[in-house]
Amino acid sequence: MEQYVIKGGNPLVGEVEIGGAKNAALAILAAATMTDETVLIENMPDVRDTNILLQAIKSIGAIVERVDRHTVKINGSQISNLVIADDYVKKIRASYYLIGALLGKYRNARVALPGGCNIGSRPIDQHIKGWKALGAEVKIEHGLIITEAEKLTGSHIYMDVVSVGATINVMMSAVMAEGKTIIENAAKEPHVVDVANFLNSMGANIKGAGTDVIRIRGTGKLHGTEYAIIPDQIEAGTFMFAAAITKGDIMVKNVIPKHLESISAKLVEIGCEIEESDDAVRVVSSKPLTHTQVKTLPYPGFPTDMQPQMVVALALARGASIVTESIFENRFKYVDEMTRMGADIKVEGNTAFISGVQKYTGAGIVAPDLRAGAALVLAGLAAEGVTTVDDIKYIERGYEDFHIKLQSLGAIMERVDSERELQKFKLKIG
Ligand code: UD1
């Protein structure tokens, strides 16, 4: 029963270091298998998702060496198996990046088809469309996506929806195709750019990443590299909201402020002060929060992965707010947990209508997914009394040392794994 137990009501104050971007890391780990030379990756977050993908990469024969907690060496020269088992895909959808990588390198990959997840159904039709355009045959049989190609040829691909995963997956395969590929309506997220930069450092020729048209000249062969992953935009945003929600003052360090602009702008709008420097953002929340309207959008819009943290802040703000989720269909499930803490929120379809309340009260709650789980922890930190958060395995998928970083900012919380430890914490806090 691993849980967080939290005594709320303490403003979080201090400095926090942000780690490498989980979502960039997942694609970069897969892409690292595309050369037979050794690749050294730095600033790798030590979180459950990256660790599972590393196991998946080992399971196909790649050599993985952990140099230190945040540095890993990968050598893909010994890959002998092009099948990624269901076990890995069930644990982590992003295993599907190995299709783009292996199809590019070996012209063949068999990966279990990812299922739906807690935030809604997640089709992969755009990935498949892209691979087919490059000349691959794609079949789904016995729960596997089977991709094969005699030859991959550059193509002009128009994505029907803006998809981070499809953009990256098709970009990886196109690097190994003959000729030129153009991906239109591409995703512009910072991690798409990071993966392109990583591939370019291995000898790929990708231009335009970060805009909606990406141009790739196939190179056929990639070489080893050393590369440091960008800071995690969503981890940074979560700590920025931790300041807003707990009425604190947090210096969020080792970030790229440009990647946080949509988050900073909304925080200013609801009454926080923001100070930016080259690689840090300070958030001070000294006034009552005020209401606003937010719609999640692809980058550079407000990220869907920050939507629950935003709702937790607005549900404590003065007045009525509206949050519209335009990326995933089922991303308000955590609202029921917030209601148990005293929030006043009504969800209709993809819109949450929020009436701000004065305070939350601690309750026993369950993390339904990664980002909502983190947001509920922030609610617990602002709440009166004790909150327990169950199913923290979801939070640990993407946040390294979450409770330790929060403790260092003054949070009164522990990670406990028995009833005895829970009672000990309760005794300690009186
Ligand atoms: C990535 C992030 C996730 C983030 C999301 C949106 C990783 C590992 N995960 O997920 O944290 O919430 O971007 O920023 O990087 N879609 C289709 N067909 C497709 C692919 C996607 O219709 O083939 C739809 C999805 O259902 C969704 C939208 O496109 O509505 C965006 O999804 P996408 O950008 O692909 O998200 P992921 O890459 O899965």
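What distance separates the centres of domain 1 and domain 2, taken over C-alpha atoms?

1. The model is predicted. Its protein chain is divided into domain 1 (3-19 + 231-429) and domain 2 (22-218). Taken over C-alpha atoms, the centres of domain 1 and domain 2 are separated by 30 Å.

2. Between the two domains, about 1,900 Å² of area is buried, and carbon and sulfur atoms give 47% of this. Within the area that domain 1 buries against domain 2, Tyr299, Arg397 and Glu400 supply 32%, more than any other three residues. In terms of contacts, 26 residues of domain 1 meet 19 residues of domain 2.

3. The ligand lies between domain 1 and domain 2, because both give residues to the shell around it. There are 21 residues around the ligand, and those that come nearest are Gln126, Ser163, Val164, Asp305 and Ile327. By class, this shell has nine nonpolar, eight polar and four charged residues.

4. For Ser163, an N or O atom of the side chain is 2.6 Å from a ligand oxygen. The corresponding distance is 2.9 Å for a polar side-chain atom of Arg122, and 3.4 Å for an N or O atom in the side chain of Tyr96. Of the 740 Å² of accessible area that the ligand has on its own, the protein covers 85%.

5. Two or more residues of the shell come from each of α1 (22-31), α5 (125-133) and α6 (164-175). The largest share, three residues, is given by α5.

Methods
Residues numbered from 1 in each chain as written. Predicted model: local features only at pLDDT ≥ 70, side-chain atom pairs only at ≥ 80, totals over all residues. Heavy atoms only, no water. Near = heavy atom within 4 Å. Polar contact = N/O pair within 3.5 Å; in protein donor to acceptor, adjacent residues only side chain to side chain. Areas by Shrake-Rupley, 256 points an atom, 1.4 Å probe, with all protein chains shown as cover. Helix = DSSP H or I, 4+ residues; strand = E, 2+ residues; numbered from the N terminus. Nonpolar A, V, L, I, M, F, W, Y, C, P; charged D, E, K, R; others polar. Domains from an automatic or database assignment. Contact = heavy atoms within 4.5 Å. Buried area = accessible area lost by both parts, 1.4 Å probe.
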